[in-house]
Every structure is written in structure tokens, then in C-alpha cells.
Amino acid sequence: MSIRTISSVKLILVAGTLLSGCTTTRQIVVDHPSTQASQFQPLQGFQSIDGDDYYVRLISEFDFKGDNVLKSGCTNMAPSYEKGDLSAALIYSVRNEALKFSREATGFLYQATTGKCNFTFDAKKLYLTPWIRMDSGRETMVDYNFYTNANSDVDVSSLVGDVNAAGNLLALTGVGMGVAIMGQVAGQWVKSNQQAEVTTPASHQSAKHSSESHSLPAATTYAGKTGTLNQTTFKVFDVAEGGFHLFGSDTKQLGELKIYPEILPSLLLKTTADGIPDGRDLSFEEIGYSPIKSAAGEVNLQQLIEQSKHPAKPNLKPDWNNYQDVEGNCRKLKLVMKDLGFNKFDRNAVIYYFLAKNGDWNNYNITRQKTQSEEMRLKVIESYRSKNFANCLAPDDYGVMKSMGLPVNTQSDWDQVGEASHKKEQLFTPLKSIERQLVAVLNNPNKAEMERQLFPLLSTEKNGDGSVLLQNHLGNFGLELLLNPPVAPAPTDVSIAQVAPVVAAPASVAIPGEGVIVSARQLAQVFSGLLINELSCARPVPDSLGKSAGLLLFTTKEGSPRVKGGAMEFEFSGGKITRIAFQLSTYRDFEQDLLDRPEIGGCRIDPSFLAKLH
């Protein structure tokens with residue numbers, strides 16, 4: 001609120017005309033105003049005070065400090081006065097040019113007539129302004145005028161009546177019974193209604209009277225981490241002259257008239273113990289029911305938005321599946337909410353629940369835990385992040401939403417998601433490399449080429465390159481025979497055209513439980529003899545105790561020694577396969593892992609593929 005130069009006023013004192021003899025007269029005296037400052041701090045979690053943090057409204061209240069007149073039979077406060085009618089009033093003039101807001105209001109009204117106890121003193125609590133966002137509210141200016149009919153012909157009583165008639169349109173109350181708020185759009189709306197419904201009273205400035213008019217200091221100031229609330233106090237006195245005080249006066253304090261600012265961080269939300277608005281556990285419908293008071297009556301928030309004549313009025317029911325449509329109406333909603341006078345907490349709470357019906361919004365605010373538990377590929381995560389509603393929301397808006405307890409991703413959250421996903425992607429890269437090479441081998445129908453492809457891919461610490469530890473947990477399907485197929489002896493007489501009898505493999509090649517190291521040629525014989533038909537993608541082996549290991553499911557063709565198929569586990573290190581094991585799901589519970597994690601490392605195996613193995 002702007003400060004204008006205040007002239008030095010020692011005492012505003014308008015005295016009634018003294019009658020001769022012992023006639024007693026009475027006057028109301030208002031001392032010059034004093035200002036008391038109190039400090040307010042940035043909201044918890046914010047580094048400085050922003051005019052968009054708070055709402056402010058001005059309140060006038062009279063603190064009575066005199067004797068109880070009724071209990072004392074009026075003798076202390078109101079002796080029998082011979083002077084005729086006396087009226088006095090203090091009237092505020094409140095205006096905010098930026099919001100096109102202006103009004104007059106009565107701080108107090110005193111009226112007294114001849115006789116004992118014939119007086120009234122009216123000083124009710126009064127809201128001088130509706131709630132105004134602080135960055136606009138500090139432009140509010142308050143002047144005051146003190147009037148009396150003791151030395152003039154001004155009709156104070158009628159003047160107060162005119163002021164009150166105009167002011168009743170804006171006698172707005174706050175939270176609980178409807179929120180009265182004032183912004184750019186609301187200010188024009190109220191002004192038009194006021195002009196349409198109220199006949200402007202005749203100007204009292206042309207009346208013949210003695211008065212002084214001054215401006216009060218700013219009610220709120222803020223800069224950086226420092227904020228000040230200024231309370232202005234007028235001391236009001238009752239002065240009796242004449243009678244027994246022929247050469248003096250008897251002065252008693254009636255009380256203090258105070259004008260003070262009240263600030264609030266939210267009008268639509270409850271606040272937590274630390275004063276931060278709590279935006280949780282709401283819906284767009286619930287927050288849209290919030291009652292808003294205006295000069296035209298009470299409407300709810302959704303009606304206020306829909307009835308606004310703002311050029312950027314949003315469609316509150318866009319195509320929720322269309323990102324551009326939702327983002328565009330989000331921006332319009334943000335502009336309208338700001339011009340209606342709502343601060344950043346209330347604006348962003350409304351915007352959050354508006355966007356909550358959109359799938360892209362929910363994807364953008366996916367939790368890091370979900371991206372990790374569902375093993376989302378980095379490419380998918382980046383596609384989610386790309387739709388960040390940047391044409392509507394700035395990074396600060398996400399920070400405000402997060403401070404209210406709303407589950408959103410700020411830029412730092414997304415950086416952490418990306419970093420974790422990138423690290424996980426790096427773990428999958430070697431697996432995918434081995435998978436591509438192994439699948440190329442398994443799909444090669446030529447056994448000799450298969451051997452050449454396998455040799456650089458295999459390695460064991462004991463036998464070096466071209467060797468691998470082979471294990472079997474798939475049951476007795478003749479793996480030993482595949483490793484060492486029967487061979488025909490060389491014929492002694494080439495003229496004898498007959499096939500030599502098959503010679504069985506020696507028993508010494510039986511595979512023990514811990515497995516046996518085989519060569520690339522032997523492994524090629526196994527792969528070729530299995531008659532593999534279909535292959536799944538490769539998944540990390542569940543519970544592999546930190547080892548780099550993958551799992552491929554395979555089906556077999558008719559005539560294969562392994563009916564239907566099974567699973568092939570491969571362990572690798574340094575880009576080479578060190579161990580291959582044929583597995584049953586009873587040995588390695590990969591079927592449950594498929595149910596628990598349908599997709600991992602970019603590999604999703606359809607349940608129908610698994611059914612073929614049974």
C-alpha cells in the first residue's frame with residue numbers, strides 16, 4: 001500500500017460552541033494516528049517474501065476503553081448537556097487504482113442530543129477491503145476525514161448514511177461464509193455492479209465545514225526476507241466543557257480506533273501447522289465448490305471462472321486425451337485465476353486438480369519408485385518427461401505444488417529419475433549385447449557357422465576362450481547324447497557300399513550336477529540338436545545374487561529331444577558367456593517373476609508364450 005506524505009497533526013480538535021454560564025458542552029476529539037509495526041517472515045521452505053504468497057485485507061476495529069456507561073447510569077460519560085445536537089464521524093476513503101477499487105467507510109459515528117443519556121456511539125468491526133493478493137494490495141491507499149457538525153452546517157448523520165449505503169455493496173466477509181476476493185477482473189466486475197445498483201451520494205466535499213484529511217502509512221511492506229505489517233491507531237477522547245469546568249475541561253479516553261492488515265496464504269485450502277497451505281485430498285469438483293462472495297452475490301469458484309468475461313476464459317472440460325488441448329486450457333485457467341486475484345497456492349491447487357484427469361499429466365508426475373519397479377525403459381521415461389506442460393507451468397509452479405504436499409516431479413526429481421534409469425539401462429546394455437549374439441547363433445541353421453559364432457562368445461577361467469560351463473536342470477532329455485552323438489567308424493573297404501553301425505558315446509561324458517566344461521563345437525551340437533523353434537527376449541535372472549545373468553525361453557520343433565521347450569540361463573562377464581544352464585521353472589522360479597514384473601529391461605514375455613512350455 002502506497003505511502004503519501006502525512007502532515008504534522010498534533011491534535012484534531014473540533015469543539016462545539018460554548019454556551020454562557022454553567023451550560024455544559026461535549027466534544028469528541030481524535031488524536032493524531034500512531035503506527036505500530038510487526039514483522040512477518042517468508043513461509044517455511046521459501047527463501048524470500050513474494051507478493052504472490054499472501055492475501056491481505058484491511059480491518060477497522062474500535063477498542064473501547066471508557067467506563068461502562070449503562071452500569072453507571074450515564075453519570076460518568078454523559079452528564080446532562082444543555083447543548084443541542086452534536087454529531088461526529090471518522091470516515092475512511094479506500095482506493096486501489098490498479099484494481100479500480102474505491103469505497104468509503106465509517107470508522108465510528110457519535111450522536112448526542114440534549115438531556116441525560118441521549119447519545120449513541122457506533123463503531124462496529126469493519127472490513128475495509130476484500131482479500132487482495134499482496135502484490136496488488138500494497139497499492140491500496142487509505143485516507144481519513146474527521147467530521148463534526150459542531151462548527152459547521154454539514155449533516156454528519158446523513159453523510160454517514162450515504163457512505164454506509166454505498167459501502168454495503170462491498171461489506172464482504174471471509175473464509176467460512178464465502179471468500180471475497182479482488183483482482184483485475186473482479187475489480188472491474190464489482191465496479192460495474194456498484195455503478196449499476198447504487199446512486200452515488202452527493203459529494204460532501206462542497207459542504208461548509210471544518211475538517212482535515214490525511215493519508216495513512218502503507219499497511220504492508222516487504223523486501224527479501226523482511227515483511228512489515230503496520231497497524232494505525234487513533235485515540236478517541238470525550239471532552240466535557242463548561243458547567244463545573246467553566247475554565248477547563250474534563251477529558252476521558254473513550255477508546256482506540258485501529259486499522260490493521262490481516263494476511264493469509266490461502267483462501268481455498270486449509271493450512272498445516274507450519275502455515276503452508278495443504279493441497280492434498282481434494283478433487284477438481286470439490287475445490288470448484290468453494291463459495292466466493294461478490295457484489296453480485298455468492299457463486300462457487302467454478303461458476304466464477306465460467307462467468308468471467310476474461311478474453312482467455314478456459315474450457316473446463318477439454319478433450320482429456322489431447323495433450324495440446326489440455327495444456328492450452330491449463331494456461332487459460334492460470335491467467336484467469338491470476339487476474340481474478342488468486343495467489344500462487346490457490347492457483348496451482350486448482351490447476352493441479354484440473355490436470356489430474358489427463359494421462360500425460362499423471363505420466364509426467366510418475367514416481368521414481370514406479371519407474372524402477374516397473375523397469376521402464378529410458379526411452380519411455382524420456383517420452384513422459386517431454387510432455388511437461390511448459391506452456392502452462394513454470395518450474396516455480398511445480399515447486400509450489402510440491403510444497404503443498406501434491407505429488408509432482410520438479411526438475412530435480414526428474415534428474416534423479418533419469419540418472420537412476422540411465423544407470424539401470426547401463427546394466428541392461430551388456431545383457432542386450434549378449435542376447436543379440438546368442439540369438440543370432442541359435443537362429444543359424446548351419447552347425448559349422450554356429451560353432452564359429454560361438455567361439456569368441458564363450459570363455460571360462462579354466463579352459464579359456466571357446467569354452468563354457470554347461471549345466472542341466474531341465475530333466476533327462478538326452479543332453480549327453482547331444483554332446484557326443486554316435487559316430488560311424490571309417491570303412492575298411494571302400495567298395496563295400498553299406499552303412500557302418502552307430503557307436504554309442506562313452507559313459508564318461510555324463511554331466512554331473514555342477515556341470516561340465518564344453519567346447520564351442522559341442523555347444524553347437526547341442527543347440528543344433530535341440531531343434532529350437534521360437535525364442536523370447538532376454539530378461540535378467542531373478543535372484544541372481546548380483547551376477548550378470550540372463551534368461552531366454554525357447555520352444556522346440558517336432559522331433560526335438562526336449563518336448564515343448566524350456567528356459568536357458570546364461571551368465572556372462574566381460575562380454576563373454578561363462579555359464580549356460582537349461583532350467584525348469586521349478587528350479588528357477590522365473591514364472592512368478594514374469595507375473596510380478598511383466599516387463600523388465602525392455603523385455604515383456606507374453607503369457608501365451610509361457611503356456612507353450614507346459
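Residues are numbered from 1 along each chain as its sequence is written, and side-chain values use heavy atoms, with hydrogens and water left out. Because the model is predicted, local features need pLDDT of at least 70 and side-chain atom pairs count only at pLDDT 80 or more, while totals for chains, interfaces and linings use all residues.

Just after helix 15, L531 takes a positive phi of about 55°, although L531 is not a glycine. Most residues other than glycine have a negative phi. L531 has a relative accessibility of 34% and therefore counts as partly exposed; the scale calls a residue buried under 20% relative accessible area, exposed over 50% and partly exposed in between, using a 1.4 Å probe and protein chains only.

A positive phi is also found at D281, about 60° in this case, and D281 is not a glycine either. D281 belongs to the loop between strand 17 (277–278) and helix 4 (284–288), and with a relative accessibility of 72% it counts as exposed.

## The protein as a whole

The protein has 17 helices and 30 strands, and 48% of its 614 residues are buried. Of the contacts with a separation of 6 or more, 72% are accounted for by residues 24 or more positions apart, a contact meaning heavy atoms within 4.5 Å.

## Helix 15 and helix 13

Helix 15 (residues 520–530) packs with helix 13 (residues 447–454) at an angle of about 130°, with the two axes 8 Å apart; axes are lines fitted to C-alpha atoms, for helices over the stretch in contact, and angles run from 0 to 180 degrees between N-to-C directions. That makes helix 13 oblique to helix 15, since angles under 35 degrees count as roughly parallel, over 145 as roughly antiparallel, 65 to 115 as roughly perpendicular and the rest as oblique. The crossing of these two helices is right-handed, a word used if the near helix is turned clockwise from the far one by less than a right angle, with left-handed used if the turn is anticlockwise.

On the side of helix 13 the contact is made by K447, M450, E451 and L454, and on the side of helix 15 by A520, R521, L523, A524, Q525, F527 and S528. These residues divide into six nonpolar, two polar and three charged, where Ala, Val, Leu, Ile, Met, Phe, Trp, Tyr, Cys and Pro count as nonpolar, Asp, Glu, Lys and Arg as charged, and the others, Gly among them, as polar. The buried residues of helix 15 are A520, L523, A524, Q525, V526, F527 and L530.

## Helix 7 and its surroundings

Helix 7 (residues 344–355) has twelve residues and reaches 16 Å from its first C-alpha to its last, close to the 16 Å expected at 1.5 Å a residue, the expected span being 1.5 Å times one less than the number of residues. Twelve of the twelve residues of helix 7 are buried, so this helix is largely enclosed by the rest of the structure. Among the buried residues are K344, D346 and R347, together with F345, I351 and F354.

The axes of helix 7 and helix 11 (residues 395–403) come within 9 Å and cross at roughly 90°, which makes helix 7 roughly perpendicular to helix 11. In this contact, K344, F345, N348, I351 and Y352 of helix 7 meet D397, V400, M401 and S403 of helix 11. By class, the contact has five nonpolar, two polar and two charged residues.

Helix 6 (residues 323–339) has 17 residues and reaches 25 Å from its first C-alpha to its last, close to the 24 Å expected. Its buried residues are Y323, V326, E327, N329, C330, L333, K334, V336 and M337.

I132 has its place in strand 9 (residues 131–133) and is buried, with a relative accessible area of 1%. I132 and L58 are 74 residues apart in sequence and 9.4 Å apart in space, C-alpha to C-alpha.

T221 is in strand 13 (residues 220–223) and, at 34% relative accessibility, counts as partly exposed. Between T221 and Q39 there are 182 residues of separation in sequence and 9.7 Å in space, C-alpha to C-alpha. Not counting residues up to four places away in sequence, T221 touches F40, T226, G227 and T228.

Terms used:
Helix = DSSP H or I, 4+ residues; strand = E, 2+ residues; numbered from the N terminus.
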